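Subject: Structure handover

Hello,

Here is the structure I promised to pass on. Please open it alongside this email. My notes follow below.

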Amino acid sequence: MLTTRSPYFRYLAACNRPHLDHFKHWIFQPGMLFNSPGKWWGNHGARPEPHAGLDLCSFEEVHGAIKNLDRHTRIPAAFPGKIIKIAPDFLGKSIFIRHEIFDARGRRLYSAYGHTRPRDALKVGAQVAAGEAVGTISSFSNPRLAVLPHLHLTFVWIPRGLDINDLNWDNMGKNSDITLIDPLLVLEIY
């Protein structure tokens with residue numbers, strides 16, 4: 001269990017002024033939350049595996065307007081850590097960060113930010129601070145998918161010694177050594 005939650009929304013709002021200045025709450029469609037069995041895009045069919053994270057896309061403002069995140073949305077790190085991998089995903093790139101946070105079993109916390117465009121100077125091995133922008137949402141365009149730009153967030157516990165190559169989207173929900181965590185238990189997003 002994680003003892004400290006990240007004030008993630010505060011970081012996200014600070015990185016994205018004035019776009020999020022009138023934020024009221026997130027709008028979650030079926031399929032956006034952790035462990036959801038269905039898709040929220042395209043044909044809304046079943047996912048091959050339950051959703052391994054949380055998708056942030058649309059929000060309501062205090063005056064009732066509905067807004068979306070877009071390619072200008074800057075993505076902050078939830079906790080301080082080290083960039084350990086930047087890899088292509090089907091809508092952009094994924095940024096993986098290793099944190100110096102451990103659970104009672106000695107497993108380390110990792111976070112993954114999917115569908116991004118990493119900032120120009122971001123390299124594997126770089127240290128990042130909590131709240132530091134690591135990139136923006138990818139400006140993907142694929143009319144066949146009918147999916148809006150969004151940020152995918154995943155958090156996992158990983159035992160020491162796991163090969164970093166085993167940390168990938170194909171295996172994250174299938175490798176018994178990797179324990180997925182509901183991002184709503186890790187992040188303060190409101």
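Does His44 count as buried, exposed or partly exposed? His44 counts as partly exposed, because its relative accessibility is 49%. Buried means under 20% relative accessible area, exposed means over 50%, and partly exposed is in between, with a 1.4 Å probe and protein chains only.

First, the ground rules. This is a predicted model, where local features need pLDDT of at least 70, side-chain atom pairs count only at pLDDT 80 or more, and totals for chains, interfaces and linings use all residues. Residues are numbered from 1 along each chain as its sequence is written, and side-chain values use heavy atoms, with hydrogens and water left out.

**The loop between β1 and β2**

His44 lies in the loop between β1 and β2. Helices (H or I, at least four residues) and strands (E, at least two) are DSSP runs, numbered from the N terminus. Phi of His44 is near 60°, a positive value in a residue other than glycine. Asn35 is in the loop between β1 and β2 too. Its phi is also positive, at about 70°, although Asn35 is not a glycine. Asn35 is partly exposed, with a relative accessible area of 45%. Most residues other than glycine have a negative phi, and most peptide bonds are trans.

His51 has its place in the loop between β1 and β2 (54–56). His51 has a relative accessible area of 4%, so it is buried. What does His51 touch, not counting residues up to four places away in sequence? Its partners are Gly31, Met32, Leu33, Phe34, Asn35, Ser36 and His152. Contact here means heavy atoms within 4.5 Å.

α1 is mostly covered, with 6 of its 8 residues buried. Those buried residues are Tyr8, Phe9, Tyr11, Leu12, Ala13 and Cys15. They pack against β1, β2, β5 (74–76), β8 (108–118), β10 (133–137) and β11 (151–158).

Pro18 is found in the loop between α1 and β1. The peptide bond from Arg17 to Pro18 is cis, with omega near 5°.

**Aromatic rings**

How many aromatic pairs does the structure hold? There are 8 aromatic pairs. Rings of Phe, Tyr and Trp (its six-membered ring) pair if their centres lie within 6.5 Å; planes under 30 degrees apart count as stacked, over 60 as edge-to-face and the rest as tilted.

Phe9 and Trp26 are edge-to-face, because their ring centres are 6.4 Å apart and their planes are at 85°. Phe9 lies in helix α1 (residues 8–15) and Trp26 in strand β1 (residues 23–27), so the pair ties together parts that are 17 residues apart in sequence. Both Phe9 and Trp26 are buried.

Trp40 and Trp41 form an edge-to-face pair as well, with 6.1 Å from centre to centre and 85° between the planes. Trp40 is buried, at 4% relative accessibility. Trp41 is buried, with a relative accessible area of 14%.

One aromatic cluster is formed by Phe9, Phe23, Trp26, Phe59 and Tyr190.

The charged end of Lys85 sits over the ring of Phe96, 5.6 Å from its centre. The test is that NZ of Lys or CZ of Arg is within 6 Å of the ring centre and within 35 degrees of the ring normal.

**Around β4**

Ala65 is in the loop between β3 (58–61) and β4 (66–68). Ala65 is partly exposed, at 30% relative accessibility. Leaving aside neighbours within four places in sequence, Ala65 is in contact with Phe59 and Glu60. From Ala65 to Lys174 is 39 Å in space, C-alpha to C-alpha, and 109 residues in sequence.

Lys67 is in strand β4. Lys67 is partly exposed, with a relative accessible area of 33%. Its contacts, leaving aside neighbours within four places in sequence, are Cys57, Ser58, Phe59 and Glu61. Lys67 and Leu162 are 95 residues apart in sequence and 40 Å apart in space, C-alpha to C-alpha.

Best wishes
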